Amino acid sequence: GHYTRAKMLSVVVLLTSVFLCPVSALNPGFRTELTQKGLDYIRQVGIPILEEKLQSLSIPKVTGEADSPIGTVSYYAENMVASQLKIPSSALTIVPKTGLQVKASGVSMSMTGKWHY
């Protein structure tokens with residue numbers, strides 16, 4: 001609904017300002033300071049949106065070969081569709097002079113499609 005759109009818009013505006021605005025310019029026209037509290041809010045609001053948007057992720061046909069302990073394995077997958085994405089634990093942290101660090105654990109997802117190896 002309207003509340004979800006407003007939250008999504010606030011996350012998009014915040015992320016846009018963080019990634020597109022020059023903070024190292026001598027006279028920046030716009031400057032953003034991102035705190036851990038702000039990152040926690042982005043994570044809190046953004047993860048459910050991400051889970052929802054990726055519920056029907058479709059992956060194009062993929063073929064290839066991979067080396068394994070038993071030799072080279074050929075693989076083929078098509079019509080793969082993701083569903084039931086769950087991200088139970090996540091963290092966004094600021095790494096000084098590097099950027100943002102994203103961590104997620106316990107991630108699960110169901111997939112259906114045609115595949116063989």
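Seven bridges join strand E2 (residues 62–68) to E3, and the two strands run antiparallel. Strands here are DSSP runs of at least two residues (E), helices are DSSP runs of at least four (H or I), and both are numbered from the N terminus. Two strands count as paired if DSSP finds at least two bridges between them. This is a predicted model, in which local features need pLDDT of at least 70 and side-chain atom pairs count only at pLDDT 80 or more, while totals for chains, interfaces and linings use all residues. Residues are numbered from 1 along each chain as its sequence is written, and side-chain values use heavy atoms, with hydrogens and water left out.

Stay with E2 and E3 for a moment. A hairpin links E2 to E3 through two residues. Asp-67 stands opposite Thr-72 in E3.

Now step back to the whole chain. The protein has two helices and six strands. Read from the N terminus, the elements run α-α-β-β-β-β-β-β. The protein has 117 residues, and 17% of them count as buried. Buried means under 20% relative accessible area, exposed means over 50%, and partly exposed lies in between (1.4 Å probe, protein chains only). The accessible surface comes to about 9000 Å², and 59% of that belongs to carbon and sulfur atoms. Such areas come from the Shrake-Rupley method with a 1.4 Å probe; for residues, only the protein chains shown count as cover.

Contacts give another view of the fold. A contact means heavy atoms within 4.5 Å. Take the contacts in the protein with a separation of 6 or more: residues 24 or more positions apart account for 56% of them.

Side chains of opposite charge can pair when their charged atoms come close. A salt bridge is a side-chain nitrogen of Lys or Arg within 4 Å of a carboxyl oxygen of Asp or Glu. How many salt bridges does this rule give? The count comes to one. Lys-114 and Glu-78 form it, at 3.6 Å from N to O. Lys-114 lies in strand E6 and Glu-78 in strand E3, so the pair ties together parts that are 36 residues apart in sequence. Glu-78 counts as buried because its relative accessibility is 19%.

Next, look at the end of the chain. Tyr-117 sits in the segment after strand E6 (108–116). Is Tyr-117 buried or exposed? Tyr-117 counts as exposed because its relative accessibility is 69%. Trp-115 is exposed as well.

A pair of aromatic rings is described by the distance of the centres and the angle of the planes. Rings of Phe, Tyr and Trp (its six-membered ring) pair if their centres lie within 6.5 Å; planes under 30 degrees apart count as stacked, over 60 as edge-to-face and the rest as tilted. The structure holds one aromatic pair. The rings of Trp-115 and Tyr-117 have centres 5.9 Å apart and planes at 10°, so this pair is stacked.

Trp-115 and Tyr-117 also belong to a nonpolar surface patch with Val-62 and Tyr-75, and together the four have about 490 Å² of accessible area. Patches are made of residues with over 30% relative accessible area and no salt bridge: like charges are joined within 9 Å, and nonpolar side chains (Val, Leu, Ile, Met, Phe, Trp, Tyr) within 5 Å.

Ser-74 brings the chain end back to E3. Ser-74 is found in strand E3. Its relative accessibility is 41%, so Ser-74 counts as partly exposed. Ser-74 and Tyr-117 are 43 residues apart along the chain, yet their C-alpha atoms are separated by 5.5 Å. Leaving out residues up to four places away in sequence, Ser-74 touches Gly-64, Glu-65, His-116 and Tyr-117.

Asn-79, in strand E3, has a phi near 55°, a positive value in a residue other than glycine. Lys-97 also has a positive phi, near 60°. Lys-97 is found in the loop between strand E4 (89–95) and strand E5 (99–105). Lys-97 counts as exposed because its relative accessibility is 91%.

Glu-52 is in helix H2 (residues 36–53). Glu-52 and Ser-83 are 31 residues apart in sequence and 9.4 Å apart in space, C-alpha to C-alpha.
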